[in-house]
Amino acid sequence: MTDETQEPPKKKGKAGLAIGLVLAILGGGGGFFAVYSGMILAPETGHKTEAAHDVTEPLPAISFVPINPIVVTVGRSGNRQLRFRAELEVAPERTEDVALLMPRILDVLNGYLRAVDLSELENPASLIRLRAQMLRRVQIVTGTGHVRDLLITEFVFS
């Protein structure tokens, strides 16, 4: 047997690889289009969701009672001042009751702000904690259920 009788080895073509690559690209593109256009994996749309966006809930009945501005000297040197102004969110039927207690509310807030450490007042992140502490003190003075929230409208350090 000679080398002439043996068939030369067949070259493996890259046609199979090219076909597989083209099919993978088409499949990926088709899948992307189906998901992007919402044909598959889209949230259900129906009359319920469309109606929910059209209807808005009415706001609850609220009233705001302004707190007179407070200017407090802070620090041991006494050369820094804090200007504080806020409003209390109350139910409309409680407005007069809370306004009647305003001298006590001012006394509690004034005393609390004077006692707060200077470093805590300088830290912007502590405003949330200070607000919660002040709200709690106001709620103790006014009684349960009278004051819903304390909205700080001015908190300036000079």
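I started at H146, which touches E89, V90, A91, R94, D97 and V98, leaving out residues up to four places away in sequence; contact here is heavy atoms within 4.5 Å. Before going on, I noted that this is a predicted model, where local features need pLDDT of at least 70, side-chain atom pairs count only at pLDDT 80 or more, and totals for chains, interfaces and linings use all residues. Numbering runs from 1 along each chain as its sequence is written, and side-chain values use heavy atoms, with hydrogens and water left out.

**H146, continued.** I found H146 in the loop between α6 and β3 (helices are DSSP runs of H or I, at least four residues, and strands are E runs of at least two, numbered from the N terminus). Is H146 buried or exposed? H146 counts as buried because its relative accessibility is 17%; buried is under 20% relative accessible area, exposed over 50%, partly exposed in between, with a 1.4 Å probe and protein chains only.

**Core.** Of its 24 residues, I67, L88, I105, L109 and M134 touch the most other members. β1 (63-74), β2 (80-90), α4 (102-115), α6 (127-142) and β3 (147-157) are the elements that give two or more residues to this core. I then checked L109, which touches I67, I70, F84, M134 and V138, not counting residues up to four places away in sequence.

**Helix α1.** Last, I saw that α1 is hardly covered, with 1 buried residue among its 23. G38 follows α1 and has a positive phi, near 90°.

Definitions and conventions. A nonpolar core is a set of buried Ala, Val, Leu, Ile, Met, Phe, Trp, Tyr and Cys residues joined through side-chain atoms within 4.5 Å.
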